[in-house]
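Please look over the sequence and the model below before reading on. The paragraphs that follow take up strand pairing, then the surface, and then the overall dimensions.

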Amino acid sequence: MITRAAVAAFAMGMTANAAKAAEPAPGPFTIAASARLRTESIAGQFRPNAAADDTMISLRTAVEAEYDAGRVRFAAEVIDARAWGQDKASSANANEINALELVQANVKVELGGKRSGGHGLLTLGRFTLDLGGRRLVSRQRFRSTTNAFTGAHLGWTASGGQKIDLLWTMPHIRLPEDAAGIRADRVAWDQESTDLMFFGAQATLPRLLGGVVQPYAYGLVERDSPDRLTRNRRLGTVGARLFRAPAAGKWDHDAEAAYQFGKIRRTTASIDTADLDVSAWFVHAELGRTIAGPWKPRLVAMFDAASGDGGKAGKFSRFDTLYGARRFEFGPNGLYGPFSRANIVSPSLRLEVAPSKRTDAFIALRSAWAQNPRDSFGSTGVRDASGASGRLAGHQVEARLRHWIVPGRLQIDTGGAVLIKRGLLRDAPNAPATGNARYGYVDLLLTL
């Protein structure tokens, strides 16, 4: 638990080791808390029907507790994400604001042992989850709210290091969804039901093909409910990832590809009952090299592409990234976030450095085109149904710097991006006439 001694140690600016010495010895019951204060601002909006310039202050507070009873553990986590100061026409929505939500409440059961030749962990209840490269299933880090699920997840690791993840879940629908409720930080329990189910499996196979191979298959089944109209997605997604983690003096790589199929409706309108055949895809490839040295510089080249939809009768080809994260590849979310794994073709170069254990930074350059010039580009909402505005969307320059002011306790994270609009984002019929987009943020993260 958090003691007065630990709080006093932090307030006096003690080192992390001294602060830890003031804490009680670990016991079966543990509790952790964090608070992140963020100020972010955007000018030159790229979204239609959103404030041209916008500033928002947000606070995300999280408290997580666990009781360890041996082979059985009980855990719960509450996240409170609120925001103030945003424009009435702000793009901020339930991805940034979700007041007082129980995102985790589960029991974990340890399975197997020495005689079984492997071990596993079965989680039942509400939980968050990262799988593979986090491009399809993730717990959000940068975004103020996170994806959460209710159901069951089994992770089983064999004695040789091979692992299988199996899950059946009901993803949480964040509430409220109305603009007035979001602006007021209204507390509403997130919704879960069998009207939205997500399930699947992923294997992890180490020491294969020069790295680690992760094949997977996921299913998503969605249907209308009395209080919610949907696009009735019935999607299957199959894919695989091959990666080798970065290491000093060595090459690393990360390649992933997925194909999506099934049925979907083009809109959520009650009169739209036409099922479209889905055929969509995405690919990611990166190659990096870390140079041995005091700053550990890593230069990485990346390429991302995902299909868009051309509006053909009876067909739908826009890729659905499901519950993936995108900040670690495409740039900040929040009031920004133009790029996503949908209707995009985009190469990128990034230089990462870590001058010390307390500090890391990177600078990245990215160019992006629409895979289909008639579809909405990325996450912008900008679209030219005629295709006359071309494929080139623009170029992005992004930078980030993080530093632990007090190691393990207090961190500052600051960064920004400039989106130089071209063709599609500048000339499409619904593209805002606001010039290039400029974005910046500053975070202060306190952990206890």
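**Strand pairing and surface**

Strand β13 (residues 298–306) and strand β15 (residues 344–356) run antiparallel and are joined by nine bridges, where strands are DSSP runs of E with at least two residues, numbered from the N terminus, and two strands count as paired if DSSP finds at least two bridges between them. Within this pairing, F303 has P347 of β15 as its bridge partner. This is a predicted model, in which local features need pLDDT of at least 70 and side-chain atom pairs count only at pLDDT 80 or more, while totals for chains, interfaces and linings use all residues. Residues are numbered from 1 along each chain as its sequence is written, and side-chain values use heavy atoms, with hydrogens and water left out.

From β15 the chain passes through a hairpin of two residues into β16, and these two strands run antiparallel with eight bridges between them; V353, for instance, has A361 in β16 as its bridge partner. Strand β16 covers residues 359–369 and contains I363, which is partly exposed because its relative accessible area is 44%, a value between the limits for buried (under 20%) and exposed (over 50%), taken with a 1.4 Å probe and protein chains only.

I363 also belongs to a nonpolar surface patch of about 480 Å², made together with L299, L351, L365, V397 and V418. Such patches consist of residues with over 30% relative accessible area and no salt bridge, with nonpolar side chains (Val, Leu, Ile, Met, Phe, Trp, Tyr) joined within 5 Å and like charges within 9 Å; a salt bridge is a side-chain nitrogen of Lys or Arg within 4 Å of a carboxyl oxygen of Asp or Glu.

Another set of pairings involves strand β1 (residues 29–43), which pairs in the antiparallel sense with strand β2 (residues 53–68) over 15 bridges and is joined by 10 bridges to strand β19 (residues 437–447), again antiparallel. R36 figures in both pairings, standing opposite R60 in β2 and having L445 as its bridge partner in β19.

Turning to the whole protein, there are five helices and 19 strands, helices being DSSP runs of H or I with at least four residues. The C-alpha trace spans about 65 × 50 × 45 Å along its principal axes. Buried residues make up 48% of the 448 residues. Finally, among contacts (heavy atoms within 4.5 Å) between residues at least 6 apart in sequence, 63% join residues at least 24 apart.

Methods:
Accessible areas come from the Shrake-Rupley method with a 1.4 Å probe; for residues, only the protein chains shown count as cover.
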